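Q: I have a model open and want to learn to read its features. Can we go through it step by step?

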Amino acid sequence: MSDEYKLWEKKQQDKGVNIGWVKERLKSFKVETPSWGYGDSGTRFKTFKQVGVPRNLFEKLEDAAQVNKYTGMCPTVAIHIPWDKVDDYGKVKEYAAQLGLKIGAVNPNLFQDDDYKFGSLTNVKPDIRRKATEHMLECIDIAKEVDSNIISLWLADGTNYPGQGDFRMRKHYLEQCLKEVYDALGDNMRLLIEYKCFEPAFYHTDIADWGMSYTFSSKLGPKAQVLVDLGHHLQGTNVEHIVAFLLDEGKIGGFHFNNRKYADDDLIVGSINPYELFLIFNELITASLDESTAQTAANIAYMIDQSHCIEPKIPAMIRSVLNIQTAYAKALLVNRNELKQAQEADDVMAAEAIVREAFETDVQPLLEAVREEMGLQPDPMATYIKSGYGEKILSRGIGGKGWE
Ligand code: LRH
Ligand code: MN
Ligand code: MN
């Protein structure tokens, strides 16, 4: 134990922080990385190809294993179908296990087929809705094969012009398709429904906000929940409030972490607005300590949804994971008893200070100590860079698998 850490721990204990509890929470915290974050992706203007990008799902898993190896907190990988389509999912499961990984959420893709130009599950044509529903059912089968229990649905459907579509009819189509999908879920499977205010459609999106995701998932039943992607809100939206609200309703099932400045920028988590991330964790931790919300909080799937256009993929992923861990650690330090007292006394200044001071605390000594106790190196990024893996994969060449 370093002297720096001993000093840090003493200071926190004097403030009433239960260090043993904080460390336990940090050790058990896991976040899923997305297979597509290891591949090439771009903007609608250009995809810059990188040398060394995985050529198939197996190589994506190898890269994801590196992130898990150095951070110790990413044992599952989300897949996207058909980007990650293979003939034999048994082999995928087996290879993942060899790498110390499991397959996490299965993401259907209802946005890259010409048939979906005017919508998929909301398309006015029954045969196209059928095709889209079949794809969802195929993803459920894949999930069962790889022992995953999460289907996360992002629906790109929407319209570009007033009058283009009948809002209510599209809603009805969607409800019908989702009902069929929901009924095909296995016993312990969940359908997480993402929302997004705009893009790729610019006039209306069929699942535009959390209220719509909530409504669809409530009608479906307990196996359907809302997925909050941090990049999918209008400017200024109070995401932590949405999170608290959905926690209280038992209807939040997962996150797609990323960061943005303007729209769905898919930037490194915590690179633009780390305070927001911290405040979200503050709500999650508070809810985990409250009997009425503890179960919902315990079942949340923490996932990263990021695409790296100009960044080297693996270091960018490690940075995101570390930023998430940092925000989480800081949120664990909030003195909830004092905060409650300040709230009950309407002491605005004290309440704001309690929350902010936790955010301003340097948690690096704590994270280093936790990593050492987990048998990890204290600096995951530097250890990865030194490992030479980044150079080794250059032999894969250029033109690896990306968003297609
Ligand atoms: C849509 C989205 C959704 C997709 C992923 C690639 O913007 O967030 O989750 O599946 O990006
Ligand atoms: Mn997403
Ligand atoms: Mn997105």
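Q: In which helix is Arg 25 found?
A: One point before we start: this is a predicted model. Arg 25 sits in helix H2, which spans residues 19-28.

Q: Is Arg 25 buried, partly exposed or exposed?
A: Count C-beta neighbours: 20 or more within 10 Å means buried, 12 or fewer means exposed. Arg 25 has 17 inside 10 Å, so Arg 25 counts as partly exposed.

Q: How far apart are Arg 25 and Ile 285, in sequence and in space?
A: In sequence, 260 residues separate them. In space, their C-alpha atoms are 9.8 Å apart.

Q: How do I read the crossing of helix H1 and helix H14?
A: Take axis distance, angle, then hand. The axes of H1 (residues 3-14) and H14 (residues 364-373) come within 9 Å and cross at roughly 115°. The crossing is left-handed.

Q: Which residues of H1 and H14 meet?
A: From H1, Glu 4, Tyr 5 and Trp 8; from H14, Pro 365, Leu 366, Glu 368 and Ala 369. By class, this contact has five nonpolar, two charged and no polar residues.

Q: Which residues have the most contacts inside the largest nonpolar core?
A: That core has 104 residues, and Leu 191, Ile 193, Val 228, Val 243, Met 303 and Val 321 have the most contacts inside it. Helix H11 (residues 313-332) gives the largest share, 12 residues.

Q: What does Val 243 touch, leaving out residues up to four places away in sequence?
A: Val 243 touches Val 228, Ile 252, Ile 280, Glu 283 and Leu 284.

Q: Which residues are around ligand 1?
A: Among them are Trp 36, Asn 107, Glu 194, Lys 196 and His 256. The shell divides into five charged, two polar and two nonpolar residues.

Technical notes:
Residues numbered from 1 in each chain as written. Chains lettered and ligands numbered in written order. Predicted model: local features only at pLDDT ≥ 70, side-chain atom pairs only at ≥ 80, totals over all residues. Axes fitted to C-alpha atoms, helices over the stretch in contact; angles between N-to-C directions. Helix = DSSP H or I, 4+ residues; strand = E, 2+ residues; numbered from the N terminus. Left-handed = near helix turned anticlockwise from the far one by under 90°. Contact = placed C-beta atoms within 7 Å. Nonpolar A, V, L, I, M, F, W, Y, C, P; charged D, E, K, R; others polar. Near = placed C-beta within 6 Å. Core = buried A, V, L, I, M, F, W, Y, C linked by C-beta atoms within 7 Å.
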